[in-house]
Amino acid sequence: MSGDSSLGRDRTLALGGVFQAAVLTQQLAREGEPDEAAFAASVRSILITDAVDTASVFGGDAGVALGLQALRSKLARRGDALDLEVARYVVGLVHLERVLQRTPAVQRAVAQRLARLHESGDAEHLGVRLCAALAGVYRDTISELAPKIIVHGEQSHLSDAAVVDRVRTALLAGIRAAHLWGQLGGRRWQLILQRRAYVASARVLLERLGARGHDPGRLE
């Protein structure tokens with residue numbers, strides 16, 4: 001996989017989406033607040049089903065910049081305990097998405113709930129209400145699958161209903177990105193055997209973003 005190849009670029013962006021969801025989950029659980037621009041892009045990615053290309057799922061390459069940074073740094077070296085925590089979330093999301101693919105009834109339930117969100121108009125307004133609705137989708141469907149993703153953090157944050165809703169929304173975004181990654185040919189073994197290629201591809205994408213500047217927007 002090369003940083004210049006279209007498939008390599010798309011696959012890297014999708015995997016960056018998984019890493020972004022993992023980092024956002026960690027930020028919320030440990031700090032109570034995420035990178036708001038990255039969180040907004042990840043929330044929007046859940047609701048986009050007819051994107052013209054992979055980048056459009058995240059509102060452009062910039063929408064997954066946080067995830068690309070995490071992918072580049074965490075696949076390039078062995079990290080500390082917090083790096084390993086993000087890695088566990090990434091592996092958990094990828095594995096849980098595979099379980100979801102083998103559970104058609106849950107897939108249908110997720111699709112139906114998201115379709116109702118679009119029909120209600122709630123999907124047009126990014127905010128607390130939408131996060132609560134998306135969190136409900138995750139709680140009532142994907143969180144029932146095994147193995148569950150166990151989130152570690154500060155009890156003061158994990159006992160806050162609004163933070164928990166955002167954590168579940170971030171995890172749902174991670175499942176969405178993992179599904180996209182799988183559609184593009186992404187597999188778990190690549191996280192080890194092709195990690196250098198992913199790091200190189202992420203570096204190219206980030207250098208291009210740095211050259212032209214980026215602003216993925218915020219969640220209002």
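Predicted model: local features only at pLDDT ≥ 70, side-chain atom pairs only at ≥ 80, totals over all residues.
1. Helix α2 spans residues 36-47. From the first C-alpha to the last, its 12 residues reach 17 Å, close to the 16 Å expected at 1.5 Å a residue. At the start of the helix, a side-chain oxygen of Asp 35 comes to within 3.2 Å of the backbone nitrogen of Ala 37.

2. Helix α2 is largely enclosed by the rest of the structure, because 10 of its 12 residues are buried.

3. Arg 176 belongs to helix α9, which covers residues 161-183. Leaving aside residues up to four places away in sequence, Arg 176 touches Ser 45, Ile 46, Ile 48, Thr 49 and Val 57.

4. The charge of Arg 176 deserves attention. Arg 176 is buried but forms no salt bridge; Asp 50, the nearest side chain of opposite charge, is 7.7 Å away. The side chain of Arg 176 does, however, reach the backbone oxygen of Ile 48 at 2.6 Å.

5. Arg 187 is placed in the loop between α9 and α10, the latter being residues 190-193. Its relative accessibility is 37%, so Arg 187 counts as partly exposed. With residues up to four places away in sequence not counted, Arg 187 touches Trp 181 and Gly 182. Arg 187 and Val 94 stand 93 residues apart in sequence, and their C-alpha atoms are 8.4 Å apart in space.

Notes: Residues numbered from 1 in each chain as written. Heavy atoms only, no water. Helix = DSSP H or I, 4+ residues; strand = E, 2+ residues; numbered from the N terminus. Buried < 20%, exposed > 50% of the residue type's maximum accessible area, 1.4 Å probe, protein only. Lys, Arg positive; Asp, Glu negative; His and termini not counted. Salt bridge = Lys/Arg side-chain N within 4 Å of Asp/Glu carboxyl O. Polar contact = N/O pair within 3.5 Å; in protein donor to acceptor, adjacent residues only side chain to side chain. Contact = heavy atoms within 4.5 Å. Expected span 1.5 Å × (residues − 1).
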